[in-house]
Amino acid sequence: MKVYKVKDYETMSQKAAAFLAAKMILKPDALLGLATGSTPIGTYKRLVEMYQTNDLDFSGIRTVNLDEYRGLPSSSPNSYHYFMKENLFSKVNILPENTHILDGSNPDTESVCQEYEDKIEKLGPIEVQLLGLGHDGHIAFNEPGDEFADRTHCVWLNEQTIQANKRFFAKEQDVPRQAYTMGIGTIMKARSILMLVSGSQKAEILKKVLEGPVTPKVPGSILRFHPDVTIFADEAALGCGQTG
């Protein structure tokens, strides 16, 4: 696991975009695992800028996303389908048929999850999986629990996650209580993993991920068992004395 300390969110986003761009240039048909939420927005903005200056080509790139809210159609402004379209897909030359996100509108949990696992298996392996880190240590929507979830599954979101995500909705009651998400086992199959962590509010949980016991109570801690993990964290997130 390689941990790099950067000055701030903007620098982190630049470094992350350069990391992903290098993978894309070396492998123009790479399968990228993408994340949503506020953390990767700056990274996507930088990738778009690189595309606009003809430094990056998305025409052969394929993507799979980590998760999607259960119960939201892709047209919902709060869906991750919409997020990806607004922040990346509509602004670069990626082919729509090469972008893959879980179908939150389908209530058949078993079917949705199995089909997604099959799709990743067919398209993969994932060249690089982009991750953020939740306040409680979750990666994707794999919440703290008694065991590491292996495969894509449906999860009940805990209260801390709901509170963290309510800022994206008109009111708290609108936040879905369930989501479809890649499992830890699926994530760990990626050839490489890139985690982005920003802000002093993530310092305590990042310290647990890096130094505490590997436990499903802190899902992100499992990354210590992956052979190729890169973490870009800003100074605020490394405020507990970690160095890069």
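**Exercise 1. Sort the residues that line the largest pocket by class, and say how much space the pocket holds.**

Step 1. The lining of the largest pocket divides into eleven nonpolar, twelve polar and three charged residues, where Ala, Val, Leu, Ile, Met, Phe, Trp, Tyr, Cys and Pro count as nonpolar, Asp, Glu, Lys and Arg as charged, and the others, Gly among them, as polar. The model is a predicted one, in which local features need pLDDT of at least 70 and side-chain atom pairs count only at pLDDT 80 or more, while totals for chains, interfaces and linings use all residues. Residues are numbered from 1 along each chain as its sequence is written, and side-chain values use heavy atoms, with hydrogens and water left out.

Step 2. On a 1 Å grid over the protein atoms alone, a pocket is an open set of points with protein on both sides within 12 Å along at least five of seven lines, a cavity is a set where a 1.4 Å probe fits but cannot get out, and lining residues have an atom within 4 Å of a point. Grid points are joined across faces, edges and corners, and a volume is the space filled by probe spheres set on the points; the largest pocket holds about 470 Å³.

Step 3. Of its 26 lining residues, Thr36, Gly37, Thr39, Leu133 and His138 lie nearest the centre of the largest pocket. Helix H5 (residues 159-165) gives the most to this lining, with three residues; helices (H or I, at least four residues) and strands (E, at least two) are DSSP runs, numbered from the N terminus.

**Exercise 2. Find the cavity and describe its lining.**

Step 1. The count comes to one cavity of 30 Å³ or more, and the largest cavity has a volume of about 40 Å³.

Step 2. Leu32, Leu34, Leu47, Phe58, Thr63, Leu88, Phe89 and Ile94 line the largest cavity, and by class they are seven nonpolar, one polar and no charged.

**Exercise 3. Describe how helices H1 and H2 pack.**

Step 1. Helix H1 (residues 9-26) and helix H2 (residues 41-52) pack at about 55°, with their axes 8 Å apart; axes are lines fitted to C-alpha atoms, for helices over the stretch in contact, and angles run from 0 to 180 degrees between N-to-C directions.

Step 2. H1 and H2 are therefore oblique to each other, since angles under 35 degrees count as roughly parallel, over 145 as roughly antiparallel, 65 to 115 as roughly perpendicular and the rest as oblique.
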